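Please work through the exercises below with the sequence and the model open side by side. Each task is followed by a solution that goes step by step.

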Amino acid sequence: MLFDFVLLEKLRSARHIAVFTGAGVSAESGIPTFRDAQTGLWAKFRAEDLATPEAFRRDPVTVWNWYAWRRELMADAGPNPAHLAIAQMQQVVPELTVITQNVDGLHAKAGSANVIELHGNIWNDFCADCRQQANGKEGTNNVPPRCTHCGGMLRPGVVWFGEALPADAWTRASDVLEVADVFFCIGTSSLVEPAASLPRYARSCGRTVVQINPEATSHDEIAQYVLRGKAGEVLPQLVQAAWPQVMPEVP
Ligand code: BJW
Ligand code: ZN
């Protein structure tokens, strides 16, 4: 892929780069997205039955087991060339912040040091009653396991529909937009609020917005650069073009 010379210059001179990611970044690791036709989770399952606090109250066993299945998929998955290219950019950009909607922890596994998880992390269970973190100390004989503190049911540490995003994560993400020179928006359908408003906010703050996605999304309109393709293919090529010293040539 050939890249715009001005974009490459903007990347090289950036002091701070923000990388906002969605499920598409982990697709090439074998983790299903949510809304892709046929392969997306919501093509087979109903979000209302699995990813809301009401669903957990109604049927905690089904919800717990669905997340246990997702955890198995994620435990077997490793970072793909997109995660690795993002982590490699840290070597050449003075500051790089990943703002992710993903709950799989693969950015950290790839070596990204500064990751803001807007929708939580699937491995961080906490008690649905007293909200105490489980820290692996849960009683394992029950489904869902019980809180050692109050006996309440544990739930996965993700943000469900109708729940607020972690306040500190949201504040940190908003602060990054104020200072980042370039804002990447990668592998998200940009349909879920409030995260989907971040690229618009970044643009209104005067940031250079770069969208990477094989499909069109509403954010194509606000991005100055739209790179059409899979993140695991486009990102390594882009990093190689901008900073040949950090990445060997991609065939
Ligand atoms: C590739 C690729 C490759 C494929 N390379 N790309 C305003 C308007 C309307 C509604 C709302 C609103 N504000 C709030 C709402 C309600 C709701 C919402 O947004 N609903 C809309 C869907 C209609 N939002 C909420 O409820 C949020 N909470 C909230 O607003 O609280 C308010 C509140 C305040 C105070 C007190 C109480 C409440 C919470 C949202 C939580 C979302 N949770 C989920 C589940 C997480 C746990 C889990 O994993 O199970 O988060 S839903 C799901 O969607 C998940 C994702 O993080 C999120 C975003 O999905 P993402 O990442 O964009 O994935 P996809 O599948 O949609 O897209 C994949 C993309 O990748 C596609 O574009 C592909 O083309 C692309 N792709 N292969 C690059 N190889
Ligand atoms: Zn508890």
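**Exercise 1.** Locate S190, and state what its backbone phi is and whether the residue is buried or exposed.

*Solution.* S190 lies in the loop between strand 6 and helix 9, where helices (H or I, at least four residues) and strands (E, at least two) are DSSP runs numbered from the N terminus. Its phi is positive, about 60°, although S190 is not a glycine. With a relative accessibility of 8%, S190 counts as buried, a term that means under 20% relative accessible area, with exposed meaning over 50% and partly exposed in between (1.4 Å probe, protein chains only). Most residues other than glycine have a negative phi, and most peptide bonds are trans. The model is a predicted one, in which local features need pLDDT of at least 70 and side-chain atom pairs count only at pLDDT 80 or more, while totals for chains, interfaces and linings use all residues. Residues are numbered from 1 along each chain as its sequence is written, chains are lettered from A and ligands numbered from 1 in the order in which they are written, and side-chain values use heavy atoms, with hydrogens and water left out.

**Exercise 2.** Describe the surroundings of T52.

*Solution.* Begin with its place, the loop between helix 3 (47–50) and helix 4 (53–58). T52 is buried at a relative accessible area of 10%, and it touches A47, W160 and F161 (heavy atoms within 4.5 Å), not counting residues up to four places away in sequence. Finally, a polar atom of the T52 side chain lies 2.9 Å from the backbone nitrogen of A55.

**Exercise 3.** Identify the residue that caps the N-terminal end of helix 6, and list the buried residues of this helix.

*Solution.* The cap is N80, with a side-chain oxygen 2.7 Å from the backbone nitrogen of A82. In helix 6 (residues 81–89), the buried residues are A82, H83, A85, I86, A87 and M89. They pack against several elements, including strand 1 (16–21), strand 2 (95–100) and helix 10 (231–242).

Conventions. Polar contact = N/O pair within 3.5 Å; in protein donor to acceptor, adjacent residues only side chain to side chain.
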